[in-house]
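Could you walk me through this model in the viewer, one selection after another? I would like to know what to pick next and what I will find there.

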Amino acid sequence: MSTQLTFTSFAVAGGTGGLGALVVMKLLAQGANVVVLGRTVSEVPDGATYRVVDYSDETSLVKALAGVEVVISALASAAAGLQPALATAAKQAGVRLFVPAEYGTDSRNLSERHPLAFKTALHKHLTSIDLPFTLYFNGYLSDFMLKPAFGFDIVNKKVSIVGEGKTPTSFTARPDVAHFMAFTLTHLPVARLNNAALTVEGEKATFLEVVAAFDDVFGPKFEVAHRDVDETQKRVKELGKAAFVDFAFLAAELGWVNVGENDNNLVPDWKPLTIRQTLEQFVKQ
């Protein structure tokens with residue numbers, strides 16, 4: 001693989017967030033030039049440039065993207081609606097590649113009624129404006145999800161899951177997602193990136209196996225409550241985004257969060273963190 005970088009100029013929208021900041025740092029480590037886009041002034045790592053933008057003002061976005069080859073969206077779900085305008089401005093500015101905010105399960109060809117249908121709609125928009133894109137799928141962000149906020153009660157050794165918890169599910173820590181993205185975007189040939197989907201995976205495991213990892217790291221034994229799949233589906237339908245945690249466990253049980261065969265080998269001499277390593281490094285504090 002060539003040592004010359006495929007792309008050298010990047011803009012990261014949401015580049016001060018949990019995943020975005022890691023992507024910025026990993027791109028800088030590869031020797032790339034990085035612009036961080038945001039709506040208010042914020043600090044960025046040494047070597048990066050910060051540009052304040054108004055996502056509702058196409059002129060503002062086009063100006064901020066001058067000289068940028070690749071736009072990466074690390075915008076949070078609540079700001080996902082800003083991506084079509086960002087993509088349109090990127091096309092106007094001469095950007096060569098767009099990376100949507102995926103970082104989860106495969107969102108290609110979802111029905112219009114699916115909770116993540118806005119992702120498929122963005123793919124269609126990018127195709128309609130003839131802007132090549134790369135999709136990154138990693139399953140669940142393990143260092144974000146495997147915490148008390150998602151029902152892993154470490155103090156009382158309890159966890160509530162949906163269904164039997166025996167469905168293989170993909171988990172990847174955010175630092176590994178960022179590293180995989182930064183390396184592939186700077187080293188793979190353009191033809192391998194254009195309109196492609198790449199998968200990265202720290203470990204494939206069932207939720208019962210995840211609980212076993214919690215037992216190993218935090219001491220046995222976690223009490224597991226199993227929630228009914230049909231009742232959970234009903235709750236998700238009624239509450240929508242307010243039932244985000246329920247939807248996360250439901251999606252895993254239904255087999256929606258399995259990236260299949262991963263592309264980890266695209267990064268030479270590298271192994272992403274396992275679930276146990278993630279718990280030890282990011283959760284056990």
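## A loop residue to start with

Please select Asp 130 first: with a relative accessible area of 56%, Asp 130 is exposed. Here buried means under 20% relative accessible area, exposed over 50%, and partly exposed in between, with a 1.4 Å probe and protein chains only. Asp 130 sits in the loop between helix 4 and strand 6 (134–137), and its phi is positive, about 60°, although it is not a glycine. Helices (H or I, at least four residues) and strands (E, at least two) are DSSP runs, numbered from the N terminus.

Before you go on, note that this is a predicted model, in which local features need pLDDT of at least 70, side-chain atom pairs count only at pLDDT 80 or more, and totals for chains, interfaces and linings use all residues. Residues are numbered from 1 along each chain as its sequence is written, and side-chain values use heavy atoms, with hydrogens and water left out.

## Backbone stops

Now pick Tyr 103, in the loop between strand 5 (97–99) and helix 4 (117–128). Its phi is positive too, near 60°, in a residue other than glycine. Is Tyr 103 buried or exposed? Tyr 103 is buried, at a relative accessible area of 10%.

Then move to Pro 220 and Lys 221, which are joined by a cis peptide bond with omega about 0°. Lys 221 belongs to the loop between helix 8 (207–218) and strand 12 (223–227).

Next, show the open sheet of three strands, whose order is 7-9-11 with mixed pairing. Its edge strands are strand 7 (140–141) and strand 11 (203–205), each pairing on one side only. Two strands pair if DSSP finds at least two bridges between them. Strand 7 runs parallel to strand 9 (residues 169–172), and two bridges link them. To see a bridge, select Leu 141 and its partner in strand 9, Thr 172.

## A charged patch and a helix

Turn to the surface and select Asp 228, Asp 230, Glu 231 and Glu 238, which gather in a patch of negative charge. In such a patch, residues have over 30% relative accessible area and no salt bridge, and like charges are joined within 9 Å. A salt bridge would be a side-chain nitrogen of Lys or Arg within 4 Å of a carboxyl oxygen of Asp or Glu. Glu 238 lies in helix 9 (residues 229–239) and counts as exposed at 57% relative accessibility.

Finish at Phe 282 in helix 11 (residues 275–283), which counts as partly exposed at 22% relative accessibility. From C-alpha to C-alpha, Phe 282 and Gly 240 are 29 Å apart in space, and 42 residues apart in sequence.

Technical notes
Patches are made of residues with over 30% relative accessible area and no salt bridge: like charges are joined within 9 Å, nonpolar side chains (Val, Leu, Ile, Met, Phe, Trp, Tyr) within 5 Å. Accessible areas come from the Shrake-Rupley method with a 1.4 Å probe; for residues, only the protein chains shown count as cover. Lys and Arg count as positive and Asp and Glu as negative; His and the chain ends are not counted. The place of a charge is taken as NZ of Lys, CZ of Arg, CG of Asp or CD of Glu.
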